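The sequence and structure come first, followed by short notes on selected features.

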Amino acid sequence: MKLIAYHRPAALAEARHLLRELGAAAMPLAGCTSHSFVKGDEERIGVDLAKIGFDTIERADGGFIVGANARVADLQAHRAPGWVLDRVALRFVSQPVRNMTTLGGNIARIFPWNDFPVALLALNATVTIAGEEDRQLPADIYFDGQPARHFKAGDILIRVFVPDVGAGCGFAYRKDTLVSMAFSRLTAAVWLQREGKTIRDARIALGAAVPLPLRLELVEEAVVGKVYSAELIADAMERQIAALRWRSSDAFSEEYVQQLARAHVPDALEEAFRAAGGGRK
Ligand SMILES: Cc1cc2nc3c(=O)[nH]c(=O)nc-3n(C[C@H](O)[C@H](O)[C@H](O)COP(=O)(O)OP(=O)(O)OC[C@H]3O[C@@H](n4cnc5c(N)ncnc54)[C@H](O)[C@@H]3O)c2cc1C
């Protein structure tokens, strides 16, 4: 991709107007960290979103409203009861890339190694896109495929509602990399609600090892409403592994990432279960 012109609008309305006028040639720019991954020399006109705002993290009823322009470094630095994205940001490649990358850019186009689509799917976030009218898309709809299909010319992702992880709930995040700054081979996130020894509700999301992030619905169905049991989870994992299409590369086989799933998903479930019980199993 070649940027042949550049605009820096000062407000959302101006940015939307420019994107609509320029049509298919226009490209919203956020942290610009993805450009080295986009092959080809197609000419595009950059519309930089850095000055339109939407870069704060605010408390809201039951969660947090995070502006799409908030940087991963902001998510890492934020502290509040029920806020867990700092833990996801900590596993994000490196501080220089955390300083540049925005939450919006990370979820507007999904690369296999992206951390936040997996975490936000588990947390049941809601994404707001500004278009002719603002549209709010629950994570299950927004992440059901590449998000580009939700955007028409002029549409801009502006904020994400992230539910807090409240009392009786737990969250765990796992990312398997060869060395700390390498791309993920498997990413897993678990949100879980417990009552005594029983798992009342669970959302388990997987990324990197599969073509696009998805929920492990067979495992969720097997554990919800049941007393926590490592055997039950292991058994459901085998059925889930057999049902999924896995992503492999020259560096790792399908069997290898399946083995990573066998190790990391039950581990994350146990951590989330303990966290939901205040450290008790
Ligand atoms: C060396 C390296 C390693 C990396 N490792 C990781 C990693 O381990 N985990 C991880 O999660 N990420 C990682 N990344 C970042 C990831 O690959 C993407 O580059 C990043 O998520 C893009 O975010 P950005 O803010 O830079 O967006 P940009 O690159 O500016 O934009 C990305 C895409 O989203 C669109 N877009 C951006 N904002 C909006 C908006 N508000 N509304 C509509 N469309 C929008 C753009 O038009 C573009 O198509 C890495 C990047 C690099 C360079």
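## The shell around the ligand

In this predicted model, the residues that form the shell around the ligand divide into 18 nonpolar, 12 polar and 2 charged. The shell holds 32 residues, and the closest to the ligand are Gly31, Thr33, Ser34, Gly105 and Ala108.

Four elements each supply at least two residues of this shell: strand β2 (26–29), helix α4 (95–100), helix α5 (103–108) and strand β8 (156–163). The largest share comes from α5, with 4 residues. In terms of domains, at least three shell residues are drawn from domain 1 (2–48), and at least three from domain 2 (57–163).

## Strand pairing around β3

Strand β3 (residues 43–48) runs parallel to strand β1 (residues 2–7), and 5 bridges join the two. Within β3, Gly46 is the residue that stands opposite Tyr6.

Strand β3 also pairs with β2, again in the parallel sense, over 4 bridges. Here Ala26 has Ile45 of β3 as its bridge partner.

## The chain as a whole

The protein chain has 10 helices and 12 strands. Its radius of gyration is 19 Å, close to the 19 Å that the globule rule gives for 281 residues, so the chain is as compact as a globular protein of that length. Along its principal axes, the C-alpha trace spans about 60 × 45 × 30 Å.

Of the 281 residues in the protein chain, 40% count as buried. Among contacts with a separation of 6 or more, 62% are accounted for by residues 24 or more positions apart.

## Ala234 in helix α9

Helix α9 covers residues 230–243, and Ala234 has its place there. Is Ala234 buried or exposed? Ala234 counts as exposed because it has 12 C-beta neighbours inside 10 Å, and a residue is exposed if 12 or fewer other C-beta atoms lie within that distance.

Ala234 can also be placed relative to Phe151. These two residues are 83 residues apart in sequence, and their C-alpha atoms are 39 Å apart in space.

Conventions: Residues are numbered from 1 along each chain as its sequence is written. This is a predicted model: local features need pLDDT of at least 70, side-chain atom pairs count only at pLDDT 80 or more; totals for chains, interfaces and linings use all residues. A residue is buried if 20 or more other C-beta atoms lie within 10 Å of its own, exposed if 12 or fewer, and partly exposed in between; C-beta atoms are placed from the backbone. The radius of gyration is taken over C-alpha atoms; the globule rule is 2.2 Å times the number of residues to the power 0.38. Two residues are in contact if their C-beta atoms, placed from the backbone, lie within 7 Å. A residue is near a molecule or strand if its C-beta atom, placed from the backbone, lies within 6 Å of it. Ala, Val, Leu, Ile, Met, Phe, Trp, Tyr, Cys and Pro count as nonpolar, Asp, Glu, Lys and Arg as charged, and the others, Gly among them, as polar. Domain bounds come from an automatic or database domain assignment. Two strands pair if DSSP finds at least two bridges between them.
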